[in-house]
Amino acid sequence: MTPALSLRNLRKVYNEKFEALKGISLDVMPGDFFAMLGPNGAGKSTTIGIISSLVRKTAGTVEVFGKNIDTDFSIAKKYLGVVPQEFNFSMFEKVEDIVLQQAGYYGLPRKQALVQTEKYLKQLSLWDKRHTPARMLSGGMKRRLMIARALVHEPQLLILDEPTAGVDIELRRSMWEFLREINAAGTTIILTTHYLEEAESLCRNVAIIDQGVIVKNTSVKSLLQQLNKETFIFDVAGNLQSLPHLNGHRVAQIDEHSFEVEVDKGQSLNAVFTQLTTQGFEIVSMRNKSNRLEELFVAMVNANKDLAGAAQQEVRS
Amino acid sequence: MSLQEQWIAFLTILHKEIKRFTRIWIQTLLPPAITMILYFVIFGKLIGSRIGDMGGFSYIEFVAPGLIMMAVITNAYANVSSSFFSAKFQRSIEELLVSPTPNYIILLGYVMGGVARGVAVGLIVTIMSLFFADLHIHHWFTTLFIVLMTSILFSIAGFINAIYANTFDDVSIIPTFVLTPLTYFGGVFYSINLLPEFWQQVSVLNPILHMVNAFRYGMLGISDLHIGMALVGLTVFVVILFVIALHLLKTGKRLRA
């Protein structure tokens, strides 16, 4: 099957000095919901910039559904919709005009452009704001406008660069729902995000990028299976006077009413509860600390830093 | 992209550009009309009546084609340079750069937007001038050719200026320090025959003089210079600047990281 996106040995050197991408290769299959994770400056936005032709690559190839962005750029670009990190529309133009114009740039006839503009503005709850100048929109509305604009030509591959950055929780959840729906309808989605919960909740596959290289490229499921520990938060009745002593478990206080306990994956919690009861702790609630992917992410990025540091040391010596 | 799709993309850019300058008509269409009325009143009626005839025409009839040309040049240039730089500044140019629209369509769309404003302002100024002078078209082809090619040329020049510009100041430097002096010394208000021999030869190096002179020939039928040179020169300059602008777009100079 032809990948929705295929990157081969992608390199980018800025000003002949800084190597932002060090020859990354990646395949994203059609229908996938794919996350690109990485700390600031890892190379995620540069990768998206190259795919969307806003950044000139130093070397390598990019294919969108088998079409090379250099030689078949017209077809490749039609397959692609991009939602950038920063707002990049004219603040003086009206919402409807911004989306209609984008349809025109893709060669959509006026009638079709009007129908699809209405469809996506309605889906993203912006139809009532269609005559409003973009500068009058709230931050969340501006972000939804960029999604509507990216979808108006109905691309098969949608790339979103941190789509929910600075968006409140309610709106973030509704955007997740919308993205799930269009993915279910067949659109391949690639997103970069800082919210690891977002990647864990939405994506099937993930690539972790750090310092211009792909540290890990696997499924979210198999990545999470690598976690051999889980952390649970316990809330106690009344104030926490002292921490419990639990054999073989790390325990840390969170606040005056709760503490966390690290448990090996698959290990029974019965022993933990028995010890807590024996020591007189009355547990009123318990929950899983939802930072599983974050733990892995930090571990991998740190390991990559250690590796890069060691390599530099070797070069110096 | 099929030819039909390219045509739609071109019309979209052109429509956006026309909508932009008509939306802000108080900044774009009204000022040249007022400025030209002032020119006609002061240079035409008040001072012109004391100057007497020039080239067989009243002074107001003599300056009218030059003033129309001046408005066309400055407005065609300003439209593209400010619109394209603004799109670059707000990063809305990325909407076009990520789309399959070919570079030549992007360039043509913006340039024709500049031509639309140049011609629109030219028409407004012509209508204003009819209140002060009795104007006729002596040679239709020359008049229309010069207006169109001049507005195309200065639209492309404005496009190149916008590509290189980093700040809004950079957009105003060329009109203030290059275009305005060249226009004022481009025979708008006088015939170069009034100048000493040396300055006549220096003036011939000013391309705007040829455009103003050829346009005046189209309207009044009088000329200080060879008209053919203006027609050929304009065409050559348009081709050269078009190729340069297209090359800048292709290489992504100051547009793509």
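Residues are numbered from 1 along each chain as its sequence is written, and chains are lettered from A in the order in which they are written. Because the model is predicted, local features need pLDDT of at least 70 and side-chain atom pairs count only at pLDDT 80 or more, while totals for chains, interfaces and linings use all residues.

View 1. Chain A contains 10 helices and 14 strands; helices (H or I, at least four residues) and strands (E, at least two) are DSSP runs numbered from the N terminus. The C-alpha atoms of this chain fill a box of roughly 75 × 60 × 35 Å along the principal axes. Of the 317 residues in chain A, 38% are buried; a residue is buried if 20 or more other C-beta atoms, placed from the backbone, lie within 10 Å of its own, exposed if 12 or fewer, and partly exposed in between. Among contacts in chain A between residues at least 6 apart in sequence, 68% join residues at least 24 apart; two residues are in contact if their C-beta atoms, placed from the backbone, lie within 7 Å. The mean pLDDT (the predictor's confidence in each residue, from 0 to 100) of chain A is 86, and 91% of its residues reach 70 or more. Within chain A, helix α10 (residues 292–316) has the lowest confidence, at a mean of 62, and helix α3 (residues 95–105) the highest, at 96.

**View 2. The interface between chains A and B.** On the chain B side, 21 residues are in contact with 25 residues of chain A. Helices α1 (3–23) and α5 (93–97) of chain B each supply at least two residues of the chain B side, and α1(B) gives the largest share, 6 residues. The chain B side divides into 8 nonpolar, 7 polar and 6 charged residues. In this division Ala, Val, Leu, Ile, Met, Phe, Trp, Tyr, Cys and Pro count as nonpolar, Asp, Glu, Lys and Arg as charged, and the others, Gly among them, as polar.

**View 3. Packing of α3(A) against α1(B).** The two helices pack at an angle of about 145 degrees, with their axes 7 Å apart; axes are lines fitted to C-alpha atoms over the stretch in contact, and angles run from 0 to 180 degrees between N-to-C directions. From α3(A), Q101(A), G104(A) and Y105(A) meet I8(B), A9(B), T12(B) and K16(B) of α1(B). The residues of this contact divide into 3 nonpolar, 3 polar and 1 charged.

**View 4. The largest nonpolar core.** This core has 142 residues, and A148(A), I159(A) and L67(B) have the most contacts inside it. A nonpolar core is a set of buried Ala, Val, Leu, Ile, Met, Phe, Trp, Tyr and Cys residues joined through C-beta atoms within 7 Å. Helix α4 (residues 59–89) of chain B provides the largest share of this core, 19 residues. Beyond residues up to four places away in sequence, L67(B) touches M36(B), Y39(B), V125(B) and V188(B).

View 5. UniProt, in an unreviewed entry, places "domain: ABC transmembrane type-2" at residues 23–252 of chain B; its positions are given in the numbering used here, feature names are shortened, and annotations may be inferred rather than shown by experiment. The span 23–252 is 78% helix and 0% strand, and its end C-alpha atoms lie 30 Å apart. The unreviewed UniProt entry also places the feature "transmembrane region" at several spans of chain B, including residues 104–132 and 144–165. Residues 104–132 of chain B are 90% helix and 0% strand, with end C-alpha atoms 42 Å apart. For residues 144–165 of chain B, the corresponding values are 95% helix, 0% strand and 31 Å.

**View 6. Surroundings of T164(A).** T164(A) lies in the loop between β7 (157–161) and α6 (169–184) of chain A. This residue counts as buried because 21 other C-beta atoms lie within 10 Å. Leaving aside neighbours within four places in sequence, T164(A) is in contact with R172(A), M175(A), Y195(A) and E198(A). T164(A) and E198(A) are 34 residues apart in sequence and 9.0 Å apart in space, C-alpha to C-alpha.

**View 7. Two loop residues with positive phi.** E16(A), in the loop between β1 (5–14) and β2 (18–28) of chain A, has phi near 55 degrees. E16(A) is exposed, with 7 other C-beta atoms within 10 Å. R91(B), in the loop between α4 and α5 of chain B, has phi near 65 degrees. R91(B) is partly exposed, with 16 other C-beta atoms within 10 Å.
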